[in-house]
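Here is a short briefing to read alongside the model on your screen. Keep the viewer open and follow the topics one by one.

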Amino acid sequence: ANILAHDLKGPLSNIQMLIDEIKVTDDEKIKADFMNLLDISSDNLTETLHDLGGILDIKSNNSLIYEQCNFLDVFKKVQQQFLEEIQQKNATISIEFNVKDIYYPKIYLESILSNLLSNALRFTAKDRAPRIEIHTHLEQEGTLLTVKDNGLGINLPKYKSELFMFKKVFHRGFETKGVGLFLIRYQIESLGGKIDVQSKIDSGSTFYVKFLEKAYKNPLIQL
């Protein structure tokens with residue numbers, strides 16, 4: 001709450017200051033510069049509000065409804081969000097859903113896939129096109145989802161303990177708030193599942209999501 005409050009105060013203060021400056025200046029070039037800064041502050045405010053909305057959602061969702069989710073359908077919906085980036089980076093995505101369906105809150109499953117795919121497309125190496133593999137298969141305790149990429153990788157000896165913490169960033173020079181992994185860890189672990197990762201610098205990362213079996217045995221289960 002303190003971090004988000006701080007992040008809200010900055011853009012709000014900047015917006016008010018810029019509006020005041022625009023009102024008193026007659027120089028059109030200065031006005032244009034201030035308008036550009038106003039756009040940036042507005043974008044920052046929107047991103048922070050979006051992050052806050054995500055936090056509030058996971059704290060207030062006391063009546064999540066489990067439903068039958070088809071992995072392929074969810075993947076296709078999520079993929080649409082990133083079509084432009086996939087084309088620009090000439091990314092290849094291979095899928096193999098050996099487990100086709102799962103009983104799970106669809107809003108959570110979409111968020112998990114979206115954040116993992118977003119990271120795989122964002123943190124890519126300059127010397128090779130992104131290659132992403134998304135698989136599901138059945139294990140003794142439930143369904144395992146794996147998302148593997150050939151991107152920048154993560155320095156796990158240094159960052160493993162902080163990897164799923166709020167507002168933690170592990171790659172510089174990228175537009176990231178450090179919220180995505182925090183959110184999906186909650187979405188997975190709050191329902192009894194687990195998430196883990198293997199990674200090597202400049203060789204890519206593989207995320208493993210274990211869905212708790214009892215969570216999708218009965219489509220009528222509610223939290």
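In which sense do β2 and strand β4 pair, and over how many bridges? The two strands run parallel, and six bridges join β2 to β4 (residues 131-139). Please keep in mind that this is a predicted model, with an average pLDDT of 79 for the chain.

**The sheet**

- Five strands form an open sheet in the order β2-β4-β5-β7-β6, and their pairing is mixed.
- The edges are taken by β2 (92-97) and β6 (194-200); each has a single partner strand, so one side of each lacks a neighbour in the sheet.
- Ignoring direction, neighbouring strands are turned against each other by 15 degrees on average.

**Where α3 meets α5**

- Helix α3 (residues 71-80) packs against helix α5 (residues 106-122) at an angle of about 55 degrees, and their axes lie 10 Å apart. That angle makes α3 oblique to α5.
- The crossing of α3 and α5 is right-handed.
- From α3, the residues involved are Phe71, Val74, Phe75, Lys77, Val78 and Gln79. They meet Leu109, Glu110, Leu113, Ser114 and Leu117 of α5.
- Sorted by class, this contact of α3 with α5 holds seven nonpolar, two polar and two charged residues.

**Where α5 meets α7**

- The axes of α5 and helix α7 (residues 180-189) cross at roughly 145 degrees and come within 10 Å.
- Here the crossing is left-handed.
- On the α5 side you will find Tyr108, Ser111, Ile112, Asn115, Leu116 and Asn119. Their partners in α7 are Gly180, Leu181, Ile184, Tyr186, Gln187 and Ile188.
- The contact of α5 with α7 has seven nonpolar and five polar residues, and no charged ones.

**A closer look at Ile93**

- Ile93 sits in strand β2.
- Which residues does Ile93 contact, leaving aside its neighbours within four places in sequence? They are Phe75, Gln79, Ile86, Leu117, Ile132 and Ile134. Among these, Phe75 and Gln79 also take part in the contact of α3 with α5, as does Leu117 from the α5 side.
- The C-alpha atoms of Ile93 and Pro130 are separated by 8.3 Å, although the two residues are 37 residues apart along the chain.

- A pLDDT of at least 70 is reached by 73% of the residues.
- Among the elements of the chain, β2 has the highest mean pLDDT (97), and helix α8 (residues 214-217) has the lowest (47).
- Residues 170-174 have a pLDDT below 50, and this stretch makes eleven contacts in the model beyond near neighbours in sequence.
- Over residues 215-223 the pLDDT again stays under 50, and here the model has 21 contacts beyond four places in sequence.

Notes. Residues are numbered from 1 along each chain as its sequence is written. This is a predicted model: local features need pLDDT of at least 70, side-chain atom pairs count only at pLDDT 80 or more; totals for chains, interfaces and linings use all residues. Side-chain values use heavy atoms; hydrogens and water are left out. Axes are lines fitted to C-alpha atoms, for helices over the stretch in contact, and angles run from 0 to 180 degrees between N-to-C directions. Helices (H or I, at least four residues) and strands (E, at least two) are DSSP runs, numbered from the N terminus. Angles under 35 degrees count as roughly parallel, over 145 as roughly antiparallel, 65 to 115 as roughly perpendicular and the rest as oblique. A crossing is left-handed if the near helix is turned anticlockwise from the far one by less than a right angle, and right-handed if clockwise. Contact means heavy atoms within 4.5 Å. Ala, Val, Leu, Ile, Met, Phe, Trp, Tyr, Cys and Pro count as nonpolar, Asp, Glu, Lys and Arg as charged, and the others, Gly among them, as polar. Two strands pair if DSSP finds at least two bridges between them. pLDDT is the predictor's confidence in each residue, from 0 to 100.
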